[in-house]
Amino acid sequence: MATPTIEWIDGRVRLIDQTLLPNQFKQIYCEDVEAVWEAIKMLRVRGAPAIGVAAAFGTVLGIWNSTAGNYDTFYSELKKTTDYLATSRPTAVNLFWALDRMVKTAVSNNEHTISDLKQVLLTEALAIMTEDQEMCRSIGKHGAGLVNDGDTILTHCNAGGLATSDYGTALAVMFTAHEQGKQIQVYADETRPLLQGARLTTWELMNAGIDVTLICDSMAGQVMKEGRIQRVVVGADRIAANGDTANKIGTYMVAVLARQHGVPFYVAAPTSTLDMSLATGDEIPIEERGAEEITEGFGKRTAPEGVKVYSPAFDVTPADLITAIVTEKGVVLPPFRVNFRAIVEG
Ligand code: MRU
């Protein structure tokens, strides 16, 4: 990213407001935890890893002006802040992973003065961001090995630099393959209802000089049937211990189509997206979003007033439709339950 998706500047969080892209490039400042909560909720900052980084910085903002006189009071203020941020969005586990890491950092540094502890927490949030950048680069290297010169790749939603602190997960695979000199093309699903594919993925790929073609979500089957796609690569919001993967609504449909057409289906995600506490994807909480995002998305009413709407924001792709999961530690093949253990514990 020429401009960082998220950064900590002079005691504030600066974000690219992704709701305005691609028409307007605008950075916004969050000066308090409520502003970070709102930015996550409204998808100004979005994508599982970026949500985690934003939550870590939001935690710092929440405790920065604490006047607590002792550790116990400080800890309860910290917990209140992280519990609050945890209510912003339910599906991406990176949010909870980052909040948990912030709390554990405070606990293991409880001998520090409150003022030092604040600094320790800021250092931890910055580390979460830097590690995310490194993980993305590594995912790119591992994933590019799965891409052949001349391949056309289909992706869904946006798992790019905008969805992380830099470079992305699914798009990292494409950026790295492109940087290695492989001639690749990408088909980007527009990703109804909030159009992350149309607005963000095409924007990122075009900026990187990668040949990208936009299609409506409903065109993926036809495009595969015409033999245009050699690989599917998507990101993830939460991966259960058996490999079942939650990602943007519509991903499951793409995975079924890929299986039907014999196209390998890859998930690219950092290990911070693994949730080994969940045995299967049935346990992943799926966010439901407001009806207006479907009936009057982007300002134009496209359905009758009063129509009933159901809007799950994510779906779960069963592990048996996934060819491999690309993490920063390497490419994980099925059986995922066994092979995740090796990377998590190894
Ligand atoms: O609702 P969003 O835009 O936050 O959904 C994002 C996705 O589904 C991404 O594919 C996922 O978070 C992976 S981002 C590297």
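**Cavities, pockets and packing**

Biologist: Which elements each supply at least two residues of the lining of the second largest cavity?
Modeller: This is a predicted model, where local features need pLDDT of at least 70 and side-chain atom pairs count only at pLDDT 80 or more, while totals for chains, interfaces and linings use all residues. Residues are numbered from 1 along each chain as its sequence is written, and side-chain values use heavy atoms, without hydrogens and water. Elements are DSSP runs numbered from the N terminus: helices are H or I of at least four residues, strands are E of at least two. The suppliers are α2, α4 and α5.

Biologist: What is the volume of the second largest cavity?
Modeller: A cavity is a set of points, on a 1 Å grid over the protein atoms alone, where a 1.4 Å probe fits but cannot get out; lining residues have an atom within 4 Å of a point. Points are joined across faces, edges and corners, and the volume is the space filled by probe spheres set on them. Pro49, Trp97, Ile128 and Ser272 are among the lining residues. The volume is about 40 Å³.

Biologist: How many residues line the largest cavity?
Modeller: The largest cavity has a volume of about 190 Å³. Gly47, Ala48, Asn158, Asp237 and Asn247 lie nearest its centre. α2 (48-64) and β9 (245-248) are the elements that give two or more residues to the lining. The number of lining residues is 24.

Biologist: How many residues of the lining of the largest pocket are charged?
Modeller: A pocket is an open set of grid points with protein on both sides within 12 Å along at least five of seven lines. Asp, Glu, Lys and Arg count as charged; Ala, Val, Leu, Ile, Met, Phe, Trp, Tyr, Cys and Pro as nonpolar; the others, Gly among them, as polar. Thr19, Met42, Leu194, Arg289 and Glu293 lie nearest the centre of this pocket of about 390 Å³. Its lining has four nonpolar residues, three polar ones, and a charged count of nine.

Biologist: Which element gives the most to the lining of the second largest pocket?
Modeller: This pocket has a volume of about 240 Å³. Of its 13 lining residues, Met1, Ala2, Glu204, Asn207 and Ala208 are the closest to the centre. Two elements give two or more residues, α6 (170-179) and α7 (196-207). The element that gives the most, with three residues, is α7.

Biologist: How far apart are the axes of helix α4 and helix α5?
Modeller: Axes are lines fitted to C-alpha atoms over the stretch in contact, and angles run from 0 to 180 degrees between N-to-C directions. Contact means heavy atoms within 4.5 Å. Helix α4 (residues 93-108) and helix α5 (residues 114-144) pack at about 145°. Their axes are apart by 10 Å.

Biologist: How many residues of the contact of α4 with α5 are nonpolar?
Modeller: Trp97, Met102 and Ala106 are among the contact residues of α4, and Leu121, Ile128 and Glu131 are among those of α5. One residue of the contact is polar and three are charged. The nonpolar number is 10.

Biologist: How many residues does the contact between the domains take from domain 2?
Modeller: Domain bounds come from an automatic or database domain assignment. The protein is divided into domain 1 (6-137) and domain 2 (140-345), with C-alpha centres 25 Å apart. The contact takes 30 residues from domain 1, and from domain 2 it takes 35.
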